[in-house]
Amino acid sequence: MTCTKTIETGRVAATTAIGIIGGSGLDDTDILEGRTERYVDTPYGKPSDALILGKIKNVDCVLLARHGRQHTIMPSNVNYQANIWALREEGCTHLLVTTACGSLRDEIQPGDIVIIDQFIDRTTRRVQTLYDGQATSPAGVCHIPMAEPFCNRTREVLLEVARSLGVKCHTRGTMLSIEGPRFSSRAESLMFRQWGADVINMTTVPEVVLAKEAGLCYASIAMATDYDCWKEHEEAVRLCPPSVVHCFNITCSG
């Protein structure tokens, strides 16, 4: 079977529920009211950590730390399939995700937010489908269209909120995802700029692909923490969660 439609799972959401996938340093559970934890299993194994259930202004939300709450899972080893499946099974209809990234453009400065709308895939060893041929997975093959990877309506909502808060925000951008865990060489960074990429990370692919396959409205909030290593007279990237939080605090404080 060739599939061009999204996957169906066991639960159907009656109302909107927001899944939140927190990236490096941006997975604070205090944003949720009435928090409870749920450890789950999926046909693809266990997700990165417990699902944290709660509400934000009376909207049901489920928070998941992409790299685990102790940041112990490197990008190549994140169980992206299990993460997406678990959030879909929990009833999520939309996914809002955060990701730290390097800037490949002068105009995207450290601390800036980018609501990305495209990606370039430079990963090498990640499963990019829920139809992976395993006995516990859905049967068949899914050729999912990927011309518009991100949900434009959800992106617009994020942009409206950013404007209302006065947060400096770039309305679009192309994310280049590398395998990691190493960062780019300078030659690679310069080449990615020539390709038209605007920002660079290690996690957008396959996460956005699997979310689209699962029928989830997916949007990503990318925060630049550095200029990767292409820019002369700038310190090369040395990303760690505390530096992400520092940039986040500067951005939110205006």
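Throughout these legends, a residue is called buried under 20% relative accessible area, exposed over 50%, and partly exposed in between, with a 1.4 Å probe and protein chains only. The views show a predicted model, in which local features need pLDDT of at least 70 and side-chain atom pairs count only at pLDDT 80 or more, whereas totals for chains, interfaces and linings use all residues. Residues are numbered from 1 along each chain as its sequence is written, and side-chain values use heavy atoms, with hydrogens and water left out.

**View 1. Confidence along the chain.** The mean pLDDT of the protein, where pLDDT is the predictor's confidence in each residue on a scale from 0 to 100, is 90, and 85% of the residues reach 70 or more. For residues 1-5 the pLDDT stays under 50, and the model has 14 contacts beyond four places in sequence for this stretch, a contact being heavy atoms within 4.5 Å. Residues 248-253 also have a pLDDT below 50, with seven contacts in the model beyond near neighbours in sequence. Where pLDDT is low, the predicted coordinates should not be read in detail.

View 2. Helices (H or I, at least four residues) and strands (E, at least two) are DSSP runs, numbered from the N terminus. Helix 3 spans residues 186-195, and its buried residues are Glu188, Ser189 and Phe192. These three cover an arc of only 100° around the axis, and therefore lie on the same side of helix 3; the arc is that of the directions from the helix axis to the C-beta atoms. An α-helix has 3.6 residues a turn, so residues three or four places apart point the same way. Ala187 and Gln194, on the other side of helix 3, are exposed. The cover over the buried residues of helix 3 includes strand 8 (118-122), strand 11 (174-178) and strand 12 (199-201). After helix 3 comes Gly196, with a positive phi near 100°.

**View 3. Positions annotated as a binding site.** An unreviewed UniProt entry lists Ser24, Arg66, His67, Thr99, Ala100 and Thr203 under "binding site"; UniProt positions are given in the numbering used here, feature names are shortened, and annotations may be inferred rather than shown by experiment. Thr99 belongs to strand 6 (residues 94-103) and is buried, with a relative accessible area of 3%. Not counting residues up to four places away in sequence, Thr99 touches Arg66, Met175, Asn201, Thr203, Ser220, Ile221, Ala222 and Met223. Thr203 is placed in the loop between strand 12 and helix 4 (204-213), and is likewise buried, at a relative accessible area of 6%. With neighbours within four places in sequence left aside, the contacts of Thr203 are Arg66, His67, Pro75, Tyr80, Thr99, Arg126 and Ser177.

**View 4. Salt bridges.** The whole structure contains 14 salt bridges, each defined as a side-chain nitrogen of Lys or Arg within 4 Å of a carboxyl oxygen of Asp or Glu. Side chains of opposite charge can pair when their charged atoms come close. Glu207 and Arg66 form a salt bridge with an N to O distance of 2.9 Å; this pair links distant parts of the chain, 141 residues apart, with Glu207 in helix 4 and Arg66 in the loop between strand 5 (59-65) and helix 1 (80-89). Both Glu207 and Arg66 are buried. Lys168 and Asp112 are joined by another salt bridge (3.3 Å, N to O). Lys168 lies in the loop between helix 2 (152-165) and strand 10 (169-170), and Asp112 in the loop between strand 6 and strand 7 (113-115), so this pair ties together parts that are 56 residues apart in sequence. Lys168 is partly exposed, with a relative accessible area of 43%, while Asp112 is buried at 5%. In the salt bridge between Asp30 and Arg35, the closest N and O atoms are 3.7 Å apart; Asp30 is exposed at 55% relative accessibility, and Arg35 is partly exposed at 41%. Glu37, Asp49 and Arg69 are connected in a network of salt bridges.

**View 5. Cysteines without disulfides.** The structure holds zero disulfides, a disulfide being a pair of cysteine sulfur atoms within 2.5 Å. For Cys61, the nearest cysteine sulfur is that of Cys92, 8.2 Å away, and Cys61 is buried at 5% relative accessibility. The sulfur of Cys217 has its closest cysteine sulfur in Cys151, at 4.1 Å, which is too far for a bond; Cys217 is partly exposed, with a relative accessible area of 26%.
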